[in-house]
Every structure is written in structure tokens, then in C-alpha cells.
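Trainee: I have just opened this entry and would like to talk it through. Could we go over it together?

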Amino acid sequence: MAFKFKPVDTAFYNLLTAQAVHLVEGAALLAELLDEGTDRTELAGRMRAAEHEADETTHEIVRRVNSTFVTPFDREDIYALSSMLDDVMDYMEESVDLVVLYEVEHLPEGMTEQIEVIQRCAELTAEAMPRLQAMKDLEEYWIEVNRLENTGDKSYRRILAKLFSGKYEALEVMKLKDVVDSLEHAIDAFEKVANIVEQIHVKES
Amino acid sequence: MAFKFKPVDTAFYNLLTAQAVHLVEGAALLAELLDEGTDRTELAGRMRAAEHEADETTHEIVRRVNSTFVTPFDREDIYALSSMLDDVMDYMEESVDLVVLYEVEHLPEGMTEQIEVIQRCAELTAEAMPRLQAMKDLEEYWIEVNRLENTGDKSYRRILAKLFSGKYEALEVMKLKDVVDSLEHAIDAFEKVANIVEQIHVKES
Amino acid sequence: MAFKFKPVDTAFYNLLTAQAVHLVEGAALLAELLDEGTDRTELAGRMRAAEHEADETTHEIVRRVNSTFVTPFDREDIYALSSMLDDVMDYMEESVDLVVLYEVEHLPEGMTEQIEVIQRCAELTAEAMPRLQAMKDLEEYWIEVNRLENTGDKSYRRILAKLFSGKYEALEVMKLKDVVDSLEHAIDAFEKVANIVEQIHVKES
């Protein structure tokens with residue numbers, strides 16, 4: 001059976017890997033937000049283009065899941081994995097978009113840590129996706145992503161405490177909270193991807 | 001088989017169509033929000049009644065999905081479709097409710113465009129649901145809803161940019177953002193309905 | 001068949017009951033928030049510990065669902081039930097956490113009613129879970145939880161109306177809204193648990 005369905009299998013693994021590689025690219029764009037002198041409007045344009053490309057890959061997976069008779073693992077798991085990877089990209093794009101839309105000038109300090117977590121999660125996820133085929137060496141991945149999510153959560157909470165400490169104007173708090181919320185959602189979505197991989201692993205092995 | 005289970009099939013299509021027709025009614029009520037001189041408290045009451053009626057139809061579908069042995073397409077797809085149609089209604093009702101609850105006086109301009117998008121999406125959805133039976137002529141529907149969602153998104157972002165431009169008080173921004181967020185969620189839910197229809201189409205054809 | 005799979009069945013019912021019992025404990029901690037003189041930082045620590053314990057039970061269920069060949073009812077229903085029970089705990093923990101993080105001093109009045117609803121829902125849910133095995137006497141449970149959710153919704157809306165009445169500063173409104181939103185989400189999640197139980201009941205009987 002492994003031999004017979006090999007072609008189908010490989011396509012799915014490649015597409016999931018492609019989705020995760022889009023996230024590495026997205027995270028790199030996100031990091032440019034922190035550089036001084038970045039043209040943020042132009043950056044938001046590139047981010048939007050990256051998000052559209054990622055969307056194409058997601059649609060390709062959905063089409064294949066729905067039209068393929070035998071999939072390497074449960075079709076709802078592929079679908080859940082793919083749509084959660086897509087959510088990560090949406091949240092990354094949203095955060096850059098809101099910075100531009102709200103004309104935010106000074107980003108909160110802790111955001112650097114959030115973006116570092118996102119970059120590391122994206123790399124780990126892109127490295128893990130191809131390992132789904134052999135269903136091996138995945139545990140270190142989901143443990144590390146869960147640990148990173150914890151770190152990200154601490155940064156997020158530190159930022160919130162500062163935002164609500166009374167030093168900021170209410171309107172500024174609303175703007176900045178929306179931006180860091182998007183980043184926090186991106187990190188949470190990475191953790192959900194890792195949890196889905198863990199579940200697939202338990203089921204298939 | 002098609003002959004044997006015809007009665008069951010028709011019931012599901014009729015119920016999904018009924019749900020979408022409730023959305024057309026809900027969208028019409030929503031549009032009354034824009035008319036000068038509308039008694040908004042009374043309108044919120046009619047909206048709530050419409051939402052309750054729509055709920056009844058949703059429950060009827062859930063009961064049937066769970067107690068019917070053979071369904072026209074995957075039971076999780078019927079369930080997903082029905083519960084997303086229900087979400088649209090909830091968001092429409094929420095937006096009117098918040099206007100009354102927060103005692104909002106002046107609605108942001110761009111809201112007119114959001115509501116126009118909702119009305120058009122509701123009509124298209126109500127026209128598409130009966131076509132699920134023959135599983136034909138659906139593509140134009142999901143393409144158009146995706147295009148409308150895009151238009152809605154642009155209106156939403158224009159409203160946000162204005163709300164956060166510094167011309168409004170923070171408390172007013174919070175109130176109006178909650179209202180336009182509900183409308184944006186309604187539009188997003190219409191798009192999700194269209195995506196589910198697209199997936200069913202790929203799977204069944 | 002009932003005899004053959006009895007051992008498996010019992011484990012699942014016990015674990016779901018254990019999850020609901022964690023919610024009763026969590027709701028009791030939540031109620032301490034209302035007592036004068038409570039050390040809220042210490043309380044948040046105990047709440048976090050309770051949430052971690054509940055997480056363990058959730059993971060145990062997920063592991064079993066994925067590695068058990070025959071489950072007492074559809075595996076996606078067990079999974080949905082378990083993950084929704086987990087969501088309730090997360091929202092309860094979040095609400096206490098935000099009170100500490102935002103250094104909220106005065107809680108809005110209506111919060112007492114929200115917490116009473118949560119306590120009652122937790123008790124009813126803990127009593128209902130063991131009855132899943134015989135799939136009997138469950139109707140009163142889901143009807144009552146739906147009624148309680150309605151009561152909770154009324155309290156929530158009264159709190160919102162007051163928060164936005166103009167008597168509070170915008171920053172304070174943002175803080176308090178986040179806290180009462182968490183409680184409202186906990187109540188909504190209890191209702192979703194009850195809806196899932198109703199669906200399982202329709203399907204299995």
C-alpha cells in the first residue's frame with residue numbers, strides 16, 4: 001500500500017511543506033517591521049502578495065483533499081493542518097496591515113520578542129512538515145513549539161500590562177492591542193498546528 | 001439510489017434554502033437601521049424575532065442530519081453549511097443589538113456599503129441553495145460572494161482608518177468598532193458559506 | 001456489543017466527568033474573586049494550577065480517542081465535547097488572570113450574576129457527564145443550561161450598557177470589558193457543551 005499510493009502521498013507532503021515555507025517568508029517580512037527606515041506601506045504590499053501566494057497553496061491542498069480518493073492520513077486532518085497554516089499567514093499579514101492602517105508610529109518593545117518567536121516557530125514548522133511522510137522525529141518539534149508559545153505568551157502579557165498601566169492614551173492602547181493580538185494569534189495558531197501534528201502522530205503510529 | 005432517497009434529499013435542500021431566505025429577511029431589517037426615523041429599539045425586537053425563527057430552522061436541520069441514515073452529501077458538510085448560515089444571522093442580529101445597547105446615534109458612513117454587501121450576499125446565497133440539488137451553476141455564486149467579501153473588506157478598512165484617525169473619542173471608537181466588526185463578521189461568514197459550497201461541489205462532482 | 005466494549009466506554013465517561021469536576025473547582029476559585037480581602041495574585045496562581053490539571057485530563061482523552069479503535073460514540077463527538085470543556089476552563093482562568101494583569105480594583109456589579117451562572121452550569125455539567133453512559137435523563141440538563149445561558153446573556157448586556165454609559169473612563173471600559181467578555185465566553189462554551197450532548201443524544205438514540 002505504501003508503494004501504491006506513494007505519488008499521492010508525496011504531493012500532500014510537498015504542499016504542506018510549501019505552505020510552511022510561505023510562513024518562513026512571511027515571518028521574515030514581519031521582522032522588517034522592526035527595522036528603522038522601513039517603508040511600511042510598501043512592506044504591507046509585499047506581505048499581502050505573500051499572503052495571496054500562500055492562499056494559492058492552501059486552495060491547491062483543499063482541491064486535492066476533496067478530489068483524491070486515498071489520502072496519506074485522514075482527510076479532515078490534512079484539511080485542519082492546512083487551514084491552520086493558512087490562519088498563521090493571515091494573522092501575520094493582519095498585524096503588518098494594522099500597523100499601516102492605524103498609522104502606528106512606535107511599536108511596543110515586547111513586540112520584538114513576539115516576532116522572534118514567530119520566526120523560530122516558522123522555521124521549526126517548515127522543517128517538520130517533510131518529516132510527516134516517515135512520521136518520525138516529530139516529537140522534538142511539537143515540544144519546542146509548545147515551549148515557544150509559552151515564551152510568546154509571557155511577552156504578550158508583559159506588553160498588555162504595560163499598555164494598560166496608564167502611560168498610554170486609550171486610543172493608542174486600542175491600536176497597539178490590536179497589533180499585538182494579531183501576533184499572539186499567529187503564535188497560538190502555530191501551537192495548534194503542532195497539536196494537530198501530535199494528534200496525527202498518535203493516530204497513525 | 002438517487003430515486004430512493006429523493007424525499008430525504010429534498011428536505012435538506014428546502015431547509016438550507018429556508019435558512020438563506022431568513023438571511024434575506026434579516027438583511028432587509030438591517031438596512032432599516034440606515035433609514036432616518038427608524039425606531040431602533042423596535043427594530044432590534046423584530047431582528048431578534050427573525051433570529052429566533054432562523055434558529056428553529058437550524059435546529060430542524062441538525063435534528064435531521066443526526067437522525068437520517070443517508071444524507072444527500074456528507075453530514076459534516078450539511079452541518080457546517082447550516083451552522084455557518086446560522087452564524088451570519090447571529091452577526092446581523094448582534095450588530096443591530098449593539099447599536100441599541102450602546103445608544104449609538106451616528107453610524108459611520110461606510111456602514112451603508114457594508115450593509116449593501118450583506119444584502120447582495122444574502123440574495124445570492126438564497127438563489128444558490130436550491131441549486132445544490134442538481135449541483136450545477138454554482139461557480140458564479142461563490143466567485144461573486146468572494147468578490148463581494150473583498151469589497152466589504154475595503155469598506156471595513158476605510159471605516160477603521162477613519163475611526164482611528166483621532167477625530168473620534170476613544171469610547172465612541174470602541175462602540176462603533178464593535179458594530180462594524182459584527183457586520184464584517186457577517187460578510188466573512190457569507191464567504192465561508194460560499195467556500196463550503198465550493199468544497200462540496202469539488203467532492204461531489 | 002454494549003458488554004464487549006464496556007471497559008473502553010467507562011474510561012471515556014470517567015475522563016469526561018473528571019473534566020467537568022475540574023470546572024466545578026475552577027468555578028469555586030472564580031467565586032473567590034468576589035470575596036473581599038482575597039489575595040488575587042495568589043488566587044490567579046491557584047487558578048493556573050487548576051487549569052494545568054484540567055489540561056492533563058484533556059490530553060489523556062485526546063490520546064485515548066486517537067489510539068482506541070472503538071469508542072462509545074463518534075470520536076469527533078468525544079473530541080468536540082472534551083475540547084469544549086477545556087475551553088470553559090481556559091476562559092475562567094483568563095478572566096481571573098486579566099483582573100490581576102490589568103490591576104482591576106472594582107469589579108462591575110453584574111459580574112456576581114455571571115459567576116453564579118458559571119457555578120450552576122459547572123455543577124449541572126458534572127452531574128450530566130456520568131449519565132452519558134446510559135444516555136438517559138439528559139434533556140433536563142441541556143434545557144437548564146440553555147436557560148442559564150440566557151440569564152447570563154442578560155447580565156452581560158446589562159454590564160455592557162453600564163460600561164458604555166459614559167460613567168467610566170475609556171481605559172477602564174477596555175479592561176472591564178475584557179474581563180466580562182471572558183466570563184461570557186465561558187458561559188457560551190457551557191452552552192456549546194450542552195448542545196453537543198444534545199446532538200450525541202439524537203444520534204445515538
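Trainee: Is C121(A) buried or exposed?
Mentor: This is a predicted model. In it, C121(A) has a relative accessible area of 1%. Buried means under 20%, so C121(A) counts as buried.

Trainee: And what is the relative accessible area of C121(C)?
Mentor: The value for C121(C) is 0%, and that residue is buried too.

Trainee: How many disulfides does the structure hold?
Mentor: Over all chains, the number of disulfides is zero.

Trainee: Changing topic, how many helices and strands are there in chain A?
Mentor: Chain A has six helices and zero strands. Read from the N terminus, the order of its elements is α-α-α-α-α-α. The radius of gyration of chain A is 18 Å, close to the 17 Å that the globule rule gives for 205 residues, so the chain is as compact as a globular protein of that length.

Trainee: What box do the C-alpha atoms of chain A fill?
Mentor: Along the principal axes, the box is roughly 65 × 30 × 25 Å.

Trainee: What share of the residues of chain A counts as buried?
Mentor: The share is 53% of the 205 residues. As for the accessible surface of chain A, it comes to about 9,400 Å², and carbon and sulfur atoms make up 50% of that.

Trainee: Which share of the contacts in chain A with a separation of 6 or more joins residues 24 or more positions apart?
Mentor: Such residues account for 82% of those contacts.

Technical notes: Residues are numbered from 1 along each chain as its sequence is written. Chains are lettered from A and ligands numbered from 1 in the order in which they are written. This is a predicted model: local features need pLDDT of at least 70, side-chain atom pairs count only at pLDDT 80 or more; totals for chains, interfaces and linings use all residues. Side-chain values use heavy atoms; hydrogens and water are left out. Helices (H or I, at least four residues) and strands (E, at least two) are DSSP runs, numbered from the N terminus. The radius of gyration is taken over C-alpha atoms; the globule rule is 2.2 Å times the number of residues to the power 0.38. Buried means under 20% relative accessible area, exposed over 50%, partly exposed in between (1.4 Å probe, protein chains only). Contact means heavy atoms within 4.5 Å. Accessible areas come from the Shrake-Rupley method with a 1.4 Å probe; for residues, only the protein chains shown count as cover. A disulfide is a pair of cysteine sulfur atoms within 2.5 Å.
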